[in-house]
Each structure stands twice: as C-alpha cells, then as structure tokens.
Amino acid sequence: MTDSYASTGNGDASLLTPNGSSKMNGSSPSLPTTSNEAGGASIIRKKLMGFVGFANLPNQVHRKSVRKGFQFTTMVVGESGLGKSTLINTLFNTTLYPPKETLPPSAERPSTVAIESISADIEESGVRLRLTVVDTPGFGDFVNNDESWKPIVENIEARFDSYLEQENRVNRQKIMDNRIHACLYFIQPTGHSLKPIDVECMRQLHTKVNLIPIIAKADTLTDEEVVEFKARILADIAYHNIHIFQAPVYENEDDEAIAEAEEIASKIPFAVVGSDQEVTTPDGRKVRGRAYPWGVVEVDNEDHCDFVKLRQMLVRTYMEELREYTNDVLYENWRTEKLISMGVIQDSSVFKEINPAIRIQEERIMHEAKLAKMEAEMKMVFQQKVQEKEAKLKQSEEELYARHREMKEALEKQRLDLEDKKRRIEAGRPLTPEKIPTGRKKGFLRT
Amino acid sequence: MAAATVEEIRANAYVGFDTITQQIEHKLLKRGFQFNVIVVGQTGLGKSTLINTIFASHLIDSKGRKEADEPVRQTTEIHPVSHVITENGVRLRLNIVDTPGYGDQINNENCWDPIVKYIKDQHSAYLRKELTAMRDRHIQDTRIHCCLFFINPTGHSLRPIDIIVMKKLSEVVNVVPVIAKADSLTLEERDAFKQKIRAELQYHNIRLYPFDTDENDEEEIELNESIRNMIPFAVVGSERNVIIDGKAVRGRKNRWGVVNVEDEKHCEFVYLRNFLTRTHLQDLIETTAQIHYEAFRSKQLLALKEQTNPRNAQ
C-alpha cells in the first residue's frame with residue numbers, strides 16, 4: 001500500500017502538488033502527515049525560526065470532518081446461522097438488526113441470494129457516523145450454490161458504478177459514498193480448512209472489496225483447535241492467492257502503534273463470538289456474553305475471543321484506512337478497467353489552455369477554405385463539360401454543313417442534267433433511253 | 001376359520017423349557033452380533049469424533065481436508081470400516097460407513113445419490129444371497145441398521161439439503177437426527193432449535209425412528225415417546241480426557257469452562273448412547289430386517305414378477 005495519495009472529491013484535476021502536504025479526509029489527528037516527494041522535484045528542507053502555526057492543520061481538518069460526519073458501509077457475507085446479525089449488533093452496541101423471525105415450514109423460501117441493506121445514524125462524543133450494513137441472506141444455503149456470489153459482486157460493482165457516475169456529473173457538490181468499505185466474511189468453525197464455496201467466493205471478492213475473514217461462533221473451538229484452524233485458513237488463503245485486508249504500517253509511527261498493529265495482524269482471521277445480551281458470570285459480574293451450563297463466554301474478554309481485536313480493526317483504528325484503501329486502490333483499479341473497456345484512451349491534449357473564440361475562428365476559416373476549394377473544383381468540372389459539349393456540337397454542325405453542300409452539288413448536277421435533256425428535247429433530238437426525271441424535287445430546292 | 005384366542009396352560013410340574021433363553025443366548029454369543037451404522041453430514045461436524053466417543057474407542061479417522069493443497073472431494077465417497085469390539089464376552093462386529101464429501105461442494109445436487117445407492121445395494125446383496133438355491137446357514141448381514149444424520153447447529157432451521165436428504169433416507173433406513181457440536185448453543189437456543197426442527201420434520205412427513213408397532217407394550221411405548229421428545233439429540237463428542245474434580249472424563253476444555261460429554265446437563269450424548277446401544281440396539285436391527293428390508297424385498301420381487309409374467313404370457 002502506498003502512502004502518497006491525493007485528495008479527491010474536490011473538483012480539481014488531481015495533479016499532485018510538488019511540495020505539498022497531502023490533505024486527509026477525516027483522519028484522527030494522531031496519524032502523521034506524509035510529505036509528497038513526487039516527480040523527483042528537489043525539496044529543500046528549511047528550519048523554522050519561530051512559531052508559524054500550521055501545526056494546527058490537523059485540528060482544522062478534524063473539526064471540518066466532524067462537522068461533515070462520516071460514512072461507513074460494510075457488508076457481511078456468510079451462511080445463515082453463523083451469527084452475522086448478532087455480531088453487527090455487538091460491534092456497534094446497538095440493535096441494528098431486529099431479532100430474526102423464523103418462517104414457518106410451509107412458507108416459501110427464496111431461491112436466490114438477496115441483498116438487504118440497513119442504515120443507521122449513530123453518534124458518539126459529537127462524532128456522527130452513518131453506518132450502513134449490507135446483508136446477504138441466502139448465501140450458501142441452497143442445494144445448488146453455483147454463482148451465489150454473483151449478486152454480491154454485482155452489488156459491489158453497482159455501487160462503484162454509481163460513484164463513478166456521480167463523479168462525472170456536472171455538479172459534484174453532493175457525492176454520496178455508498179461503496180462497500182469492508183466485507184466481513186464468516187467462516188464456519190469446522191476446524192478443518194476452508195470449504196470450496198468459501199474459497200471461490202473470496203476469490204471473486206478480494207479484488208473488489210477489503211476482505212476480512214472471521215471465524216464465526218468460535219466458542220465451539222478449544223484453544224488448540226483455534227490456533228490450528230487459523231493456520232490452515234491462512235495456508236488456504238495463501239495457496240489460492242487471495243488478498244485479504246492487511247493493516248498498513250507506516251515507518252514514522254510510534255512503537256505503541258506498531259505493536260498494536262502487529263497484534264491485530266497476528267490474529268487474523270478473527271475468532272469471534274457475538275452477543276447482544278447481558279449475562280451474569282459465576283463471580284457476579286454483568287457482561288455481554290453467552291451463558292452455558294459449563295461456563296460463561298465473555299464477548300469483551302480478550303482471552304475468550306478476538307472480538308475486541310476485530311472491533312479495533314474495524315472501528316477504532318482502521319476504519320479510515322479501510323475507507324481510503326477502497327477509494328484509492330480498489331475503486332481506482334475498477335475505474336481504470338471500466339474506462340479502458342469503454343474505449344476511453346488517455347488523451348493528454350484534452351485539458352490544454354484553449355481560448356474558445358480563437359478556436360471557433362480557426363475552425364470557421366478552415367471551413368470556408370474547404371468550401372472555396374469545393375466550389376473551384378465544381379467550376380472546373382462544369383467548364384470542362386461545357387467545352388466538351390461545344391466541341392461535339394461544332395463537329396456535328398460541320399458535318400451537317402458538309403452534307404448540305406454535297407446534297408446541293410448533287411442536286412445542281414441533276415438540274416444541269418435535266419436542262420440538258422430539256423434542250424435536247426426542244427431541239428428535236430430523240431429521247432435518250434434515259435428516263436425523264438420526273439422532277440424529283442427536294443423539298444428546299446426550287447429551280 | 002377364525003383364530004381362537006390361545007389359552008395359556010400352566011404345567012403341573014417344572015418342565016424346564018424356560019432355559020431356551022439361555023440356550024439362545026449361548027448360541028448367539030458364539031456367533032456374535034453385527035451392527036452397521038452410516039454417518040451422514042457435512043464436513044467438520046464431528047461425525048468421526050462422535051462415533052469414536054459412542055463406542056469409546058478409536059474406530060474411524062476424521063476425513064477433513066487439512067492441507068491447502070489437498071484436493072476437495074468431488075463426490076460423496078463411501079468408506080466402510082469394520083471393527084470387532086468385545087464387552088463382557090459379547091462380541092459386536094461393528095461396520096461403520098463414513099461418507100466424506102457429502103455436502104461439501106458448491107453445487108450439492110444429487111450428492112445423496114451414492115448414499116442411497118449404497119444402502120439399497122446392501123439390501124440387494126442380502127436378497128440375492130437369500131434367493132440362491134444353496135444359501136449359507138447364516139447370511140452375513142451388511143444392511144445398514146441405523147443412519148446418524150448430523151445437523152448443523154445454526155439455531156435457525158433445517159437447510160433445504162437436510163430436508164431432502166432426510167426424506168430420501170427415511171424411506172430406506174432408520175434415521176436418527178443429531179445436532180452436532182451442540183456446545184455452540186445455549187440451552188434456550190437448543191430448545192428453540194429442536195422445536196423448529198421437529199415442526200419442519202412433521203411438516204414434510206419425514207418418518208423418524210423409533211416407530212411404534214402394535215407389539216410394543218406400555219413400557220416400550222413410553223420409552224419411545226420420551227425418545228421422540230428428545231429427537232434430535234444435541235451432542236458433543238470428544239476423544240480426549242479432561243480433569244474435572246480430580247476425575248478424568250471425556251470432554252472439551254475452554255478458557256471459560258469445561259464441557260463434560262457425559263454430563264446430562266451439558267449435552268445429550270448419554271441419552272444418544274443409551275438409545276443406540278443399551279435400549280434400542282436389537283430393535284434397530286430388527287426394524288431394518290422387518291420393515292425396510294421387507295419393503296425393498298417386496299418391491300424387487302414384484303418387479304421380477306412383472307418381468308417374467310409378460311414373458312410367460314407371450
């Protein structure tokens with residue numbers, strides 16, 4: 001995971017400022033700012049002579065984000081009966097999910113995986129959180145569970161789609177971020193290793209969402225079984241190259257934070273027990289837990305289960321990390337894929353400084369030139385044709401005249417002949433056996 | 001001629017034919033008994049562990065996938081294992097059939113077919129041996145006497161695959177449903193779950209063992225009633241011993257307590273074990289022979305008759 005990033009959602013084209021402090025949305029003031037060393041620009045480190053006051057920046061960010069409120073969306077995936085709703089209620093200490101009413105045996109069971117989402121606005125010490133939980137009832141419950149992850153994947157992608165569409169709108173003041181920031185995947189506590197449906201579903205989800213695997217109902221397992229099971233699950237995950245969410249470690253954090261992060265990371269997958277009811281322990285304390293005839297499991301006791309660590313990862317420490325990773329890595333990857341598949345090529349000339357009036361002028365001139373050229377061409381063609389026609393006509397005229405002369409001469413000759421014969425006849429000469437022309441007069445010849 | 005009620009006559013002196021029970025016992029002890037069980041359920045529900053716990057010996061190994069590079073089984077496999085255990089001179093030949101791969105794939109359609117086929121094959125083999133002209137004096141009985149069906153402790157209701165398979169199995173074998181890994185349910189959850197399961201089984205008309213016949217006397221009927229109220233048994237299995245109050249008992253140890261497998265307040269393992277071995281063992285074997293096998297046999301023979309009759313008619 002990189003530690004350089006730009007703030008989005010603020011309208012500028014996201015150019016990294018070369019000497020900037022990067023702004024974070026809603027981070028707790030304890031996370032240090034990291035300086036951006038982008039593009040190889042040489043950064044001169046100066047020492048301050050006096051107090052300037054920009055150390056107050058985190059507080060300003062803090063106040064602003066508290067005012068804005070936070071949004072967090074998580075999805076729970078797992079077979080029915082693994083305690084998903086109970087765990088969500090336990091995590092956020094509110095009854096987000098009402099107790100499930102069971103259908104009578106004669107009721108119609110749904111035949112596909114449904115996607116249901118519940119939202120709640122909760123507040124703690126003035127900080128408002130809009131929490132959305134997306135549930136997937138029906139996952140893994142049918143006889144044939146082929147493609148049961150499809151509705152889930154489609155839902156995640158639909159949320160990315162809607163965010164992309166919001167980003168591309170003309171007015172981007174109000175962007176609602178309902179992308180899934182974390183996905184809690186519930187594993188059945190068999191003690192062996194991952195089931196095929198778990199492997200397949202995780203493989204489909206890990207590139208689109210932060211996957212956090214959880215061993216559900218972990219009070220069925222003894223300590224050794226939990227350790228073995230976790231090792232086997234991690235081996236399976238590594239074998240299939242599934243990428244689960246890892247808490248990022250920054251170099252300039254204090255030792256305490258590093259130790260905490262390591263502890264959390266070592267407990268993945270978390271073996272949790274959920275309970276939204278209070279029970280009394282044998283020594284009289286009232287705790288959240290489950291009461292068995294042989295003892296009481298305390299949910300908040302770190303010795304009994306990993307619930308505390310899960311809550312730390314999800315809420316106390318890494319909620320912002322999850323959100324950022326979703327935004328910066330998962331969403332960006334998906335966006336790139338989608339735009340490439342839509343045929344959008346990166347065009348770097350698009351955003352150069354252009355005066356639109358000049359552009360229009362240029363275009364007009366080009367257009368007129370084109371028109372003029374076309375006109376000239378057409379004229380040329382026209383002239384050519386006219387010439388051809390003239391030549392042809394002239395030729396035919398000449399031919400006609402030639403013929404006319406010929407005919408005239410022929411007729412003249414005939415006339416002379418006739419006159420000759422006439423003289424001869426008048427002179428009493430015998431008629432020649434030549435026929436007396438019966439005056440074949442042509443129309444336009446008159447003697 | 002109407003069957004007259006038989007009058008019981010008391011003999012004047014002791015004849016001694018009441019020792020027939022001992023003679024039979026002596027004969028049977030020499031031969032030994034045969035009991036065949038099949039376990040059906042998803043991977044990881046503790047089937048092998050439970051069998052080992054019931055018979056208090058390591059009979060079958062867990063067949064779960066332990067390594068990442070082990071391939072997943074693509075179909076339901078049938079793994080029969082035979083053992084002989086002895087107790088007080090009584091020899092029990094146990095045949096345990098494991099079904100790894102059941103319900104493990106993503107698409108589980110017809111994953112129950114190999115199981116039903118195997119059960120029917122055993123009936124068929126017995127029938128063939130019965131019908132041969134020169135048949136053995138004592139036919140080896142490989143028919144499945146009992147099917148332990150393991151239910152996932154979700155706490156909600158039966159899954160569709162469970163209902164389908166139980167229905168198919170209850171037509172060919174005695175089915176005893178069991179809630180596996182019952183230490184994940186609190187007592188209230190367990191009761192609610194059982195009620196839901198019973199309602200669903202009734203709704204789908206699934207006939208579960210024990211069946212009531214006319215031959216049962218009052219005591220037996222009562223016993224069957226109590227068993228029916230407890231089905232499905234919520235059990236916990238364990239092969240390992242833990243120390244409770246200085247005694248070594250089989251159980252599971254956690255940081256918050258120790259589950260004692262043999263404690264009735266913790267789980268119903270004791271009832272299941274008594275049911276299977278102490279009270280209904282003989283009845284299971286008999287019911288298989290009298291009800292399931294007879295049904296299969298009559299169907300087969302009728303089918304044979306159909307085949308030969310049209311041929312004769314021609």
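This is a predicted model: local features need pLDDT of at least 70, side-chain atom pairs count only at pLDDT 80 or more; totals for chains, interfaces and linings use all residues.
Local features need pLDDT of at least 70 and side-chain atom pairs pLDDT 80 or more, while totals for chains, interfaces and linings use all residues. Residues are numbered from 1 along each chain as its sequence is written, and side-chain values use heavy atoms, without hydrogens and water.

**Interface.** The contact (heavy atoms within 4.5 Å) takes 46 residues from chain A and 48 residues from chain B. Between them the chains bury about 4,300 Å², 53% of it on carbon and sulfur atoms; buried area is the accessible area (1.4 Å probe) lost on being put together, summed over both parts.

**Salt bridges.** A salt bridge is a side-chain nitrogen of Lys or Arg within 4 Å of a carboxyl oxygen of Asp or Glu. Examples follow.

| Pair | N to O distance |
|---|---|
| B:E189 and A:R290 | 2.7 Å |
| B:R240 and A:E224 | 3.6 Å |
| A:E302 and A:K309 | 2.7 Å |
| B:D263 and B:K265 | 3.8 Å |

Relative accessible area is classed as buried under 20%, exposed over 50% and partly exposed in between (1.4 Å probe, protein chains only). B:R240 is exposed at 53%, whereas A:E224 is partly exposed at 46%. B:D263 is buried at 19%, but B:K265 is exposed at 60%. Shared partners join A:E224, A:E225, B:D183, B:R240 and B:R252 into one salt-bridge network.

Conventions. Chains are lettered from A and ligands numbered from 1 in the order in which they are written. Buried area is the accessible area (1.4 Å probe) that two parts lose on being put together, summed over both.
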